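Have a look at it first, then read on.

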Amino acid sequence: MVAINENYLKLKAGYLFPEIARRVNTFSQANPDAPIIRLGIGDVTEPLPQACRDAIIKATEKMGQRESFRGYGPEQGYGWLREKIATHDFQARGCDIDASEIFISDGSKCDTGNILDIFGNTNTIAVTDPVYPVYVDTNVMAGHTGAANEKGEYGGLVYLPITAANDFTATIPSQKVDLIYLCFPNNPTGAVATKEHLQAWVDYANSHGSIIFFDAAYEAFITDPTIPHSIYEIPGARTCAIEFRSFSKNAGFTGTRCALSVVPKTLEVKASTGEKIQLWSLWSRRQATKFNGVSYIIQRGAEAVYSPEGQEQTRGLVNFYMENASLIREKLSLAGFAVYGGENAPYVWLKTPNDLSSWEFFDKLLTTCHVVGTPGSGFGAAGEGYFRISAFNSRENVETALARIVKAFG
Ligand code: MLT
């Protein structure tokens, strides 16, 4: 008899965003004329920067000539892209990261899930609560957890609540954990971590032999100059942290697909034999075996982000979404909502009004305002009673959605 991976049976319902889409589709089938505005999933809406489009077209033309045609590229990504990333995103901020430590991929969702391939199955894993659901679900799939309880918390995971009570920062646990997922600027709360906070995590990880998975997919949205963009701005991070970054949100690549992971060569873990193993070698081996790299055309598009025009155009995109975030914050606080985030991140996190549960508020917003957001409880038990509004949409849609919400709840 064929055996299946029964860990999948432990997963709660559907993945959050398809589940939201399912509910929205049911509503719109019953109400085909309802003008729905989607501020749920953090998916970009504005066109790809001109510099990226030009580079993609040029690269496509090259693929049409025998002399410049390319087949398989390096699994780790082309050197010219990795060099630009190392220089602009890391060395320019004082981070000691070399191009050879960067791995180009097709997304941070994939990377944060795939990284588990190089770790064993006896690690104690800590996640914040609320949390980007991919970190939890991939651990469930890999058999690193027990079953879910009635609150949806999986046995074996260490949940670190991030709520208004601790200013949305993850309190360092008193027990030892092996793998720690941190995402700052945070999805979903929009909170940021100060240098001191990250230093405390790095010190904890180095003293306990733990590894931090640092998801920096939203770093481009940081406006406060004191906030670190990379974990490698923190002394000691090269011996305890892996970082994930993406072109999805800053350059509008959600449909184009390009991202990266950083695994410093100084990151070592002891094997059961006592031998010290470089995680870089394992990740490199994993990628070379299971991945054939991102297409040449798309890597050229990503490279264009670092041209002067690309820098200006991506800055323009980020500023545009952050103006949306300011509008959301401003209008909703005027309407009496308690709002968080949205100052260094494209997400506004709000307390649901009238003690409504997250899903009750979701339904009310959908049925009365025809606006879609994301229920906080979908990100974890501590997200119950909260709700996430994404700033990724056109100005017109954001303004219309806000006017409807203020009318209904203000
Ligand atoms: C989100 O809405 O949380 C993000 O769009 C999810 C993602 O980037 O995969």
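What follows goes from the whole chain down to single residues.

## The big picture

Keep in mind that this is a predicted model. The protein chain has 11 helices and 15 strands. Its radius of gyration is 21 Å, close to the 22 Å that the globule rule gives for 410 residues, so the chain is as compact as a globular protein of that length. If you boxed up the C-alpha atoms along the principal axes, you'd need roughly 60 × 55 × 55 Å.

How much of the chain counts as buried? The figure is 47% of the 410 residues. As for contacts between residues at least 6 apart in sequence, 72% of them join residues at least 24 apart.

The chain splits into domain 1 (6–46 + 310–409) and domain 2 (53–308). Their centres, taken over C-alpha atoms, sit 25 Å apart. The contact takes 36 residues from domain 1 and 45 residues from domain 2.

On the domain 1 side, the elements giving two or more residues are helix H9 (308–334), strand S11 (339–341) and strand S12 (347–351). H9 gives the largest share of that side, seven residues. Sorted by type, the domain 1 side has 17 nonpolar, 12 polar and seven charged residues.

In soluble globular proteins, nonpolar side chains tend to be buried together. Here, the largest nonpolar core holds 117 residues, and Ile212 and Val348 touch the most other members. This core draws at least three residues from each of domain 1 and domain 2.

What does Val348 touch, leaving aside its neighbours within four places in sequence? Its contacts include Gly190, Ala325, Ile328, Leu332, Ile389 and Ala391.

## Around the ligand

Which residues surround the ligand? They are Ile41, Gly42, Asp43, Lys109, Tyr132 and Asn187. That shell divides into two nonpolar, two polar and two charged residues. Domain 1 and domain 2 each supply at least three residues to the shell.

Helix H5 (residues 133–141) has Val134, Tyr135, Val136, Asn139 and Val140 as its buried residues. These pack against helix H4 (108–114), strand S3 (125–129), strand S4 (157–161) and strand S5 (179–183). Just after H5, Gly143 takes a positive phi of about 80 degrees.

Now for the cis peptide bonds. One joins Asp129 and Pro130, with omega about 5 degrees, and Pro130 is in the loop between S3 and H5. Another runs from Asn187 to Pro188, with omega near 20 degrees; Pro188 belongs to the loop between S5 and H6. Asn187 also turns up among the residues around the ligand.

## A few residues to look up

Is Asn354 buried or exposed? Asn354 counts as exposed, because it has 8 C-beta neighbours inside 10 Å. You'll find Asn354 in the loop between S12 and helix H10 (358–369), with a positive phi near 55 degrees even though it is not a glycine.

His370 is another non-glycine residue with a positive phi, near 60 degrees. This residue lies in the loop between H10 and strand S13 (371–372). His370 counts as buried, because it has 20 C-beta neighbours inside 10 Å.

With 15 other C-beta atoms within 10 Å, Asp203 is partly exposed. Asp203 and Pro235 are 32 residues apart in sequence and 8.9 Å apart in space, C-alpha to C-alpha.

How values were computed:
Residues numbered from 1 in each chain as written. Predicted model: local features only at pLDDT ≥ 70, side-chain atom pairs only at ≥ 80, totals over all residues. Near = placed C-beta within 6 Å. Nonpolar A, V, L, I, M, F, W, Y, C, P; charged D, E, K, R; others polar. Domains from an automatic or database assignment. Helix = DSSP H or I, 4+ residues; strand = E, 2+ residues; numbered from the N terminus. Rg over C-alpha atoms; globule rule 2.2 N^0.38 Å. Buried ≥ 20, exposed ≤ 12 C-beta atoms within 10 Å, placed from the backbone. Contact = placed C-beta atoms within 7 Å. Core = buried A, V, L, I, M, F, W, Y, C linked by C-beta atoms within 7 Å.
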